[in-house]
Amino acid sequence: MNKKTIMILILMPLLMMSCQSASAIANGMQPLEDSDLREVAGQGLIVSDYIQGDALANPNEYSTPFDFYRIGLDGELALNLNISKLQLGCGGINDHLSGHAGCDIDIDYGSFMGRNGTALGEPGSAFELLRPYIEFAVKNDDSPTLREIAGIKIGAQSADGAISAGRRYFTNGAINQENTALATTCNTGASTGNGVLGCHSGINSVSGFLGAELSISMRVQARICGGALVFGGCLGIPVPLDAWGCTGRTQFTGDPCGTGLSDALFVDIAGTRMQTLGLRSAKLKLDGNGFSSLITTLLDSAYAQLNTDLRSVHKLTFEDTPDFFISFQREPIAYPRYSKLPPISELAGNEFDSCNTSYATARCNSAYAVPANTGWWLNAPSVKLLDVLNESANLGLLSIGDALDLLAAPGYLIEHPEFELSPAKNCYGSSNFC
């Protein structure tokens with residue numbers, strides 16, 4: 001088969017949509033029964049492309065062995081979708097690569113919706129994909145006998161909306177039906193540690209690349225012992241520490257952080273079957289009173305390390321996020337970006353991007369995406385996790401040495417803090433889990 005034949009064969013009905021869909025989206029999404037869907041027919045403008053693995057800026061060893069065939073729709077796809085259990089890539093070789101059995105992507109109660117949620121019972125909140133497409137990574141393209149498809153990618157030029165995940169238990173002692181392997185009951189009195197995890201379900205594991213902007217506000221509380229710690233108690237009267245700390249651009253009025261680009265915090269996260277979100281040596285601006293005010297006067301800031309289970313992260317926001325895709329491949333592949341340009345070349349109008357700051361990495365200069373690992377992979381290079389609030393990061397009784405560790409880099413390790421971050425409701429359809 002020649003290249004033109006391959007392009008024709010990969011045309012798929014998935015990319016067809018009704019010519020009336022644009023007006024339907026403008027007037028609000030409408031519910032459709034299965035019988036209604038059978039009656040839908042129409043046409044859209046189909047576009048195709050061919051990209052060599054070494055033709056774009058800064059190729060690498062994970063792009064050059066492949067040729068890429070793309071077929072897409074020159075339009076917009078809007079959806080509102082609830083999935084009670086999403087599992088992709090379970091078992092197989094990644095059981096050994098990741099160090100634990102499970103799935104490449106495993107999410108309980110996932111919802112694709114608009115950024116601001118939706119009114120109860122109304123499917124009017126759309127997760128929007130601009131110019132959706134399917135792409136094939138072909139190896140040995142010039143060989144009639146060795147040619148093979150090594151990976152398939154489903155993506156869009158950009159995505160706008162939110163993915164809400166999981167549910168949160170508010171009743172002490174409630175049985176966590178989704179998270180029984182880690183913690184079977186909910187302890188609503190816990191503010192940090194494993195006692196928090198029983199109250200949450202959601203993202204059990206995810207494989208992919210997330211270029212995340214984070215912002216966190218937390219009330220840091222502790223009792224500092226000036227004497228010796230004996231049998232869990234303090235020889236002497238402990239001095240209370242109570243201060244608000246924050247990092248990233250936040251909107252919470254109780255913290256001292258700002259909302260400008262200089263305040264933004266970006267973290268690139270990539271891996272197979274990731275289960276935690278970590279911040280190493282996060283610099284916190286402190287604001288307190290009393291003894292805490294004395295600390296904030298002596299020290300401009302404090303540091304903390306965070307290790308958070310992904311089950312506690314219930315909502316990821318996409319604001320016209322470029323190059324959003326999900327793929328599966330038998331070996332690592334660096335797919336071409338939709339625009340065929342490096343991220344650094346398309347920052348106009350999006351100042352809050354890690355490639356526009358000191359957080360920029362080598363990926364910002366390549367027209368190929370971060371290599372997707374073997375198995376299933378989610379690529380979201382500009383996801384927002386903003387205004388995560390923890391009103392009670394209570395660290396308990398600390399010695400002076402522990403307190404100094406809290407205030408100096410790398411900082412005190414806060415394990416699995418309880419965030420004020422509940423799943424967004426998307427109450428529509430047969431799987432609304434509300």
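**Reading disulfides and salt bridges**

Modeller: Let's start with a torsion: about the S-S bond of Cys-90 and Cys-103 it is about 95 degrees, so this disulfide is right-handed. The pair links distant parts of the chain, with Cys-90 in strand E4 (residues 81-90) and Cys-103 in strand E5, 13 residues apart. Strands (E, at least two residues) and helices (H or I, at least four) are DSSP runs numbered from the N terminus.

Before we go on, a caveat: this is a predicted model, where local features need pLDDT of at least 70, side-chain atom pairs count only at pLDDT 80 or more, and totals for chains, interfaces and linings use all residues. Residues are numbered from 1 along each chain as its sequence is written, and side-chain values use heavy atoms, with hydrogens and water left out.

Colleague: Fine. What is a disulfide in general, and what is the count here?

Modeller: It's a covalent bond between the sulfur atoms of two cysteines. For picking them out, the rule is a pair of cysteine sulfur atoms within 2.5 Å, and by that rule the count comes to five. In the one we began with, the sulfur atoms of Cys-90 and Cys-103 sit 2.0 Å apart.

Colleague: Are Cys-90 and Cys-103 buried or exposed?

Modeller: The cut-offs first: buried means under 20% relative accessible area, exposed over 50%, and partly exposed in between, using a 1.4 Å probe and protein chains only. Cys-90 has 45%, so it is partly exposed, whereas Cys-103 is buried at 6%.

Colleague: Which residue has a side chain that reaches the backbone oxygen of Cys-103?

Modeller: Ser-205, at 2.8 Å. Ser-205 belongs to strand E8 (residues 203-225) and is buried, with 3% relative accessibility. If you count contacts (heavy atoms within 4.5 Å) and skip neighbours within four places in sequence, Ser-205 touches several residues, among them Cys-103, Asp-104, Arg-273 and Met-274.

Colleague: Now salt bridges: how many does the structure hold?

Modeller: Here the test is a side-chain nitrogen of Lys or Arg within 4 Å of a carboxyl oxygen of Asp or Glu. The structure holds 20 of them. Take Arg-70 and Glu-135, whose closest N and O atoms are 2.6 Å apart.

Colleague: Which parts does the salt bridge of Asp-160 and Arg-115 tie together?

Modeller: Those two side chains meet at 2.9 Å, N to O. Asp-160 lies in strand E7 (residues 148-165) and Arg-115 in the loop between strand E5 (103-113) and E6, so the parts joined are 45 residues apart in sequence. Asp-160 counts as buried at 13%, while Arg-115 is partly exposed at 34%.

Colleague: Which residues do salt bridges that share partners join into one network?

Modeller: Begin with Lys-139 and Glu-331, which meet in a salt bridge of 3.2 Å, N to O. Lys-139 is in strand E6 and Glu-331 in the loop between strand E15 (315-329) and strand E16 (375-399), so this pair ties together parts 192 residues apart in sequence. Lys-139 is partly exposed at 21%. Through shared partners, Lys-139, Glu-148, Arg-330 and Glu-331 form one network.

Colleague: And the totals: how many helices and strands does the protein have?

Modeller: Seven helices and 17 strands. Of the 434 residues, 48% count as buried. Among contacts between residues at least 6 apart in sequence, 76% join residues at least 24 apart.

How values were computed: A polar contact is a pair of N or O atoms within 3.5 Å; within protein, one must be able to donate a hydrogen and the other to accept it, and residues adjacent in sequence count only if both atoms are side-chain atoms.
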